[in-house]
Amino acid sequence: MKLTKFVPWLKVLAILILTCCFALTVTAENYYPAQVGNTWVFLSADGSQQQTYTLETPERTDVEGLIELKITNATLGTDVTVVDTYFITVENDGDLMLHQSAVDQGAFGTAKATFKPPVTFFPAELPLGHTWQITAETELKLVGPVTSTSTVTVVAIEDIETSAGVFKDCVKLEINQRDVLTLAIFRETYYQWLAPGVGPVKYLDAQDILYELQHYSLVEPDAEEVSVDINSDGVVNILDLVSVSANFGQAGENIADVNSDGVVNIVDLVKVAGEIRAAAGAPAAHP
């Protein structure tokens, strides 16, 4: 009888241990906050180029929740401006999905690609060593059809210092791009660093031009439909984590489904664990 009573708690304990280990893996929403209105401004090391990343509401209305990521590259002191756009959505599990892209290629025109079904732009989990690919079919002036494949790998976890501040535990992404043309194949490599809770903070292009974050503005996300304070006692603590663990794997409407995706899973555990960690680092509200 005692063994029967202990089994559920052993399961909860195992999940709690897993959550503590998993808490260091931050979701893509944290590494690339996807609220409309977010802005990041970068400056090249030589001060000649400024890049501005913005998340906007697109004119397209055919896809629910579609967001336009616009990257504007301006040559300071001139009227030269290049704009690339990416149309993305945020999945319930935190994945950023790419639906369409339009990349300015100068004299060769704009490389436009549509992804049906959409492909992973940034996955929800970014552990060290993780790899994914994005393949686009497009056509350019003077060149013809082009198949471009980008292989993205998390190669390091680093602390990054820029003019906008010091950012801890940034993921360093290595992007290897392979462009297949009718008569030639081109390869290039570039790097991007993403900070948890902030987004992109540094970028090194294929010509070894380094861009660093100068300043940024993030819009506060909407309040979640279900609070991470599961038991409504006014504080997020281990009791809330136990509630999620006890309901782990349950589908349908559930108070422990804190992200409202229809199932109590590791994402809910991480959200509650994250709130506990944040609360632990904040000053007490009362003695």
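The lining of the second largest pocket in this predicted model divides into 30 nonpolar, eleven polar and six charged residues. Here Ala, Val, Leu, Ile, Met, Phe, Trp, Tyr, Cys and Pro count as nonpolar, Asp, Glu, Lys and Arg as charged, and the others, Gly among them, as polar. A pocket is an open set of points on a 1 Å grid over the protein atoms alone, where a 1.4 Å probe fits, with protein on both sides within 12 Å along at least five of seven lines; lining residues have an atom within 4 Å of a point.

| Property of the second largest pocket | Value |
|---|---|
| Lining | 47 residues |
| Share of strand β6 (residues 110-122) | six residues |

Tyr86, Val103, Gln105, Gln177 and Tyr190 lie nearest the pocket centre. Strands are DSSP runs (E, at least two residues), numbered from the N terminus.

Glu161, in strand β8 (residues 144-162), is exposed (over 50%), at 63% relative accessible area. Beyond four places in sequence, Glu161 is in contact (heavy atoms within 4.5 Å) with Val166 and Glu212.

Residues are numbered from 1 along each chain as its sequence is written. Local features need pLDDT of at least 70, side-chain atom pairs count only at pLDDT 80 or more, totals for chains, interfaces and linings use all residues, and side-chain values use heavy atoms, leaving out hydrogens and water.

Note on methods:
Helix = DSSP H or I, 4+ residues; strand = E, 2+ residues; numbered from the N terminus. Buried < 20%, exposed > 50% of the residue type's maximum accessible area, 1.4 Å probe, protein only.
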